[in-house]
Amino acid sequence: MTNLQDRITASFQAQGLMATLGAELVLVSEGEVHIALPFSERLSQQHGYMHAGAITSILDSACGYAALTKAPPGCEVVTAEFKINLLRPALGDRFLAIGRVQNAGRSLIVCTGEVQAFSGTATPKVVALMQATIAILRP
């Protein structure tokens, strides 16, 4: 494990919401983070789709952790703003949130992300897109 992966993994494991949702950190690389979430009826909405709140949460975290990979050592990050587009019902056996850094400045990092829904062997479908602004917190 690299220092970058250790840093992201430790922070992810400290998040109560990700544990509550059953989310899993599956990829950490510089400027990109993937978070997986299996479907759960406990996280569904009234029509049986995965709830937008769960989809938004894993995507916000994927973008935030992608930003943290670019933050200076000793700094933390928090979401300052995001816009999400829910493209279609979140139907699937599992979901993958992918957060990517588009621009890393001195105080703000702009990320984009998507959530892909997987059902059996079918081609995954993008169910959500996000643009997020992440603020760097200096000690």
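**Talking through the sheet and its salt bridges**

Modeller: Let me start with one pairing in this predicted model: Ala 36 has Leu 96 in E4 as its bridge partner.

Biologist: Thanks! How many bridges pair E2 and E4, and in which sense?

Modeller: There are seven bridges between E2 and E4, and the pairing is antiparallel.

Biologist: What is the order of the strands in the sheet?

Modeller: The order reads E1-E2-E4-E5-E6-E3, an open sheet of six strands with antiparallel pairing.

Biologist: And which strands stand at the edges?

Modeller: Those are E1, residues 24-29, and E3, residues 76-86. Each has a single partner strand, so one side of each has no neighbour in the sheet. From one strand to the next, the twist averages 20°.

Biologist: Let's stay with E1 for a moment. How many bridges does E1 share with E2?

Modeller: Five bridges, again in the antiparallel sense. As an example, His 34 in E2 stands opposite Leu 27.

Biologist: How many residues sit between the strands in that hairpin?

Modeller: Two residues. Look at Gly 31 in this hairpin, which takes a positive phi near 85°.

Biologist: Good one to look at. Now E5 and E6: how many bridges join them?

Modeller: E5 (residues 108-118) and E6 (residues 125-137) are joined by 10 bridges and run antiparallel. If you want a place to look, Thr 133 in E6 is the residue opposite Val 110.

Biologist: Switching to helices. Which strands does H1 lie across?

Modeller: H1, residues 3-13, lies across E1 and E2, and its angle to E1 is about 155°.

Biologist: And H3, which strands does that helix lie across?

Modeller: H3 covers residues 52-68 and lies across E2, E3, E4, E5 and E6. Relative to E4, H3 runs at about 40°.

Biologist: On to charges. How many salt bridges does a search of the whole structure find?

Modeller: Two. One of them is formed by Lys 70 and Glu 30, with 3.1 Å between the closest N and O atoms. Lys 70 is in the loop between H3 and E3, while Glu 30 is in the loop between E1 and E2, so to speak a link between distant parts of the chain, 40 residues apart.

Biologist: Are those two buried or exposed?

Modeller: Lys 70 is partly exposed at 36% relative accessible area, and Glu 30 counts as exposed at 58%.

Biologist: Which side chains meet in a salt bridge at 3.2 Å?

Modeller: Glu 32 and Arg 100, with that distance taken N to O. Glu 32 belongs to strand E2 and Arg 100 to strand E4, and the two are 68 residues apart.

Biologist: Tell me about Arg 100. What does that residue touch?

Modeller: Leaving out residues up to four places away in sequence, Arg 100 touches Gly 31, Glu 32, Ala 66, Val 110, Cys 111 and Thr 112. Gly 31 is the hairpin residue with the positive phi, and Val 110 is the one opposite Thr 133.

Biologist: How far is Arg 100 from Pro 38 in space?

Modeller: C-alpha to C-alpha, 21 Å, and they are 62 residues apart in sequence.

Biologist: Last topic, rings. Which residue lies over the face of Phe 118?

Modeller: Arg 94, at 4.1 Å from the ring centre. As for aromatic pairs, a search of the whole structure finds one.

Terms used
Residues numbered from 1 in each chain as written. Predicted model: local features only at pLDDT ≥ 70, side-chain atom pairs only at ≥ 80, totals over all residues. Heavy atoms only, no water. Pairing = 2+ DSSP bridges. Helix = DSSP H or I, 4+ residues; strand = E, 2+ residues; numbered from the N terminus. Axes fitted to C-alpha atoms, helices over the stretch in contact; angles between N-to-C directions. Contact = heavy atoms within 4.5 Å. Salt bridge = Lys/Arg side-chain N within 4 Å of Asp/Glu carboxyl O. Buried < 20%, exposed > 50% of the residue type's maximum accessible area, 1.4 Å probe, protein only. Phe/Tyr/Trp six-rings, centres within 6.5 Å; stacked < 30°, edge-to-face > 60°. Lys NZ or Arg CZ within 6 Å of the ring centre and 35° of its normal.
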